[in-house]
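Biologist: I am new to reading protein models. Could you walk me through some features, one at a time?

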Amino acid sequence: MLGKLFGRGAEGPAAHPHALPPRKQKHGTYALRALGDARVLALVEAADAGDWAAVKAALAPFDLGHEQEVLGQLTDVDGLEEWIVRAAEEDKDDKELRATALLISGARHVAWGWEARTSARAVDVGREQWQTFYERLRIAEEHLLEAAELRPGWVTPWRHLLTSGRGMSVDDSVQEARLAAGLRRDPLNLDLHLEWVSHLQPRWGGEPGQALEFAQKAFAAAPDGHRLGCVIAMARIEEWVESDDGECLQQPRIRAELREAAERSILHHAYERRLGWQGDYNIFAMALSLAGSSTASNVFRELDGVITEWPWTFMSDPEKAYARFRKAF
């Protein structure tokens, strides 16, 4: 199984040298822990223990300024926000380490802010929740902007600034400038594109169809085998979220579009199974399933039961929904 999860095709290695054993299955699925990588797990455990020296040592194989998947593993570590800024102060004479601590803090404060807001509709969020939300996002913005200034080549600060900016309802011109700043550093960055798909949703002030048009234009410019195809799948999932019609994606043209996007991205022989590739596959698994496309079977077969939190959180019972779709195809 580990060969399937971490291999790069028939000619690739039998198993990833840092692979973690899978967790116990539930409903025929299991959640991927620390991206399925022992090095990432060591990083998360060091952060959970509040051990900055151990965190710095565990960061050696990674580049958080460009690796959103690894950075994302730190954003859910409870209590991280309480000591990470002090760590930045300790390393104030080391520009890279200070920038790293500020980046981690900023990304954590964005996630922590949303924890206070919750996923409830805006009208159902209380005044105190809003206040806490904004306070945490203001800190996030301060830290992320400083990290971006210290390390001008980094792209991940701009990705999280798009999220905090959306939460704080900053002016569209500011958001567009942030997107442009990120894309100058990495024109085909999937995470930036996914954030902008969210930004363009009607619930955030966008117009129907804007996100899909953006996604289609972006993927058209990507080479075969690029993971940017996920932006098409995510745009369609967001369309389903916004719609009152649970079967809105079950149209032949949409099935064809999603199948073609999958075949030109994650199912293409040039696609690279990098750390966290299961997240790309899960986006397509959900989109293809909602569209009723038989191509979903190919995606589920490669995942072999692995479920990632995103985007299944849109479902009321993610694991059951995943298992149901997997069985159906």
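Biologist: Which helix is Thr163 found in?
Modeller: Keep in mind that this model is predicted. Thr163 is found in helix α8, which covers residues 156-167.

Biologist: Is Thr163 buried or exposed?
Modeller: Thr163 counts as buried because its relative accessibility is 9%, and buried means under 20%. Setting aside neighbours within four places in sequence, Thr163 is in contact with Val110, Trp114 and Glu195.

Biologist: Now for charged side chains. How many salt bridges does the structure hold?
Modeller: Here is the general idea: side chains of opposite charge can pair when their charged atoms come close. This structure holds 21 salt bridges. One of them joins the side chains of Asp37 and Arg39, with 2.9 Å from N to O.

Biologist: Which residue forms a salt bridge with Arg108?
Modeller: That partner is Asp78, and the closest N and O atoms of the pair are 3.7 Å apart. This pair links distant parts of the chain, 30 residues apart: Arg108 sits in helix α6 (residues 95-117), while Asp78 sits in the loop between α4 (68-74) and α5 (80-90). Arg108 counts as buried at 1% relative accessibility, whereas Asp78 is exposed, with a relative accessible area of 56%.

Biologist: What else is Arg108 in contact with?
Modeller: Leaving aside neighbours within four places in sequence, the contacts of Arg108 include Leu74, Thr75, Asp76, Val77 and Glu115. Take Asp76: it is 32 residues from Arg108 in sequence, yet the two are 6.9 Å apart in space, C-alpha to C-alpha.

Biologist: How far apart are the closest N and O atoms in the salt bridge of Glu239 and Arg236?
Modeller: Those atoms are 2.7 Å apart. Glu239 and Arg236 are separated by about one helical turn, because they are 3 residues apart in helix α12 (residues 230-242). Glu239 is partly exposed, with a relative accessible area of 27%, while Arg236 is buried at 3%. Elsewhere, salt bridges that share partners join Glu69, Arg227, Arg274 and Asp280 into one network.

Biologist: Let us turn to the nonpolar side chains. Which residues touch the most other members of the largest nonpolar core?
Modeller: Those are Val231 and Trp312, in a core of 95 residues. Helix α14 (residues 277-291) gives the largest share of this core, 10 residues. Not counting residues up to four places away in sequence, Trp312 touches Asn282, Ala285, Met286 and Phe300, among others. Its list of contacts also includes Ile307, Pro318, Ala321, Tyr322 and Phe325.

Biologist: Which residues line the second largest cavity?
Modeller: Its lining is made of His66, Gln68, Val155, Thr156, Arg159, Asn189 and Asp191. These divide into 1 nonpolar, 4 polar and 2 charged residues.

Note on methods
Residues are numbered from 1 along each chain as its sequence is written. This is a predicted model: local features need pLDDT of at least 70, side-chain atom pairs count only at pLDDT 80 or more; totals for chains, interfaces and linings use all residues. Side-chain values use heavy atoms; hydrogens and water are left out. Helices (H or I, at least four residues) and strands (E, at least two) are DSSP runs, numbered from the N terminus. Buried means under 20% relative accessible area, exposed over 50%, partly exposed in between (1.4 Å probe, protein chains only). Contact means heavy atoms within 4.5 Å. A salt bridge is a side-chain nitrogen of Lys or Arg within 4 Å of a carboxyl oxygen of Asp or Glu. A nonpolar core is a set of buried Ala, Val, Leu, Ile, Met, Phe, Trp, Tyr and Cys residues joined through side-chain atoms within 4.5 Å. On a 1 Å grid over the protein atoms alone, a cavity is a set of points where a 1.4 Å probe fits but cannot get out, and a pocket is an open set with protein on both sides within 12 Å along at least five of seven lines; lining residues have an atom within 4 Å of a point. Ala, Val, Leu, Ile, Met, Phe, Trp, Tyr, Cys and Pro count as nonpolar, Asp, Glu, Lys and Arg as charged, and the others, Gly among them, as polar.
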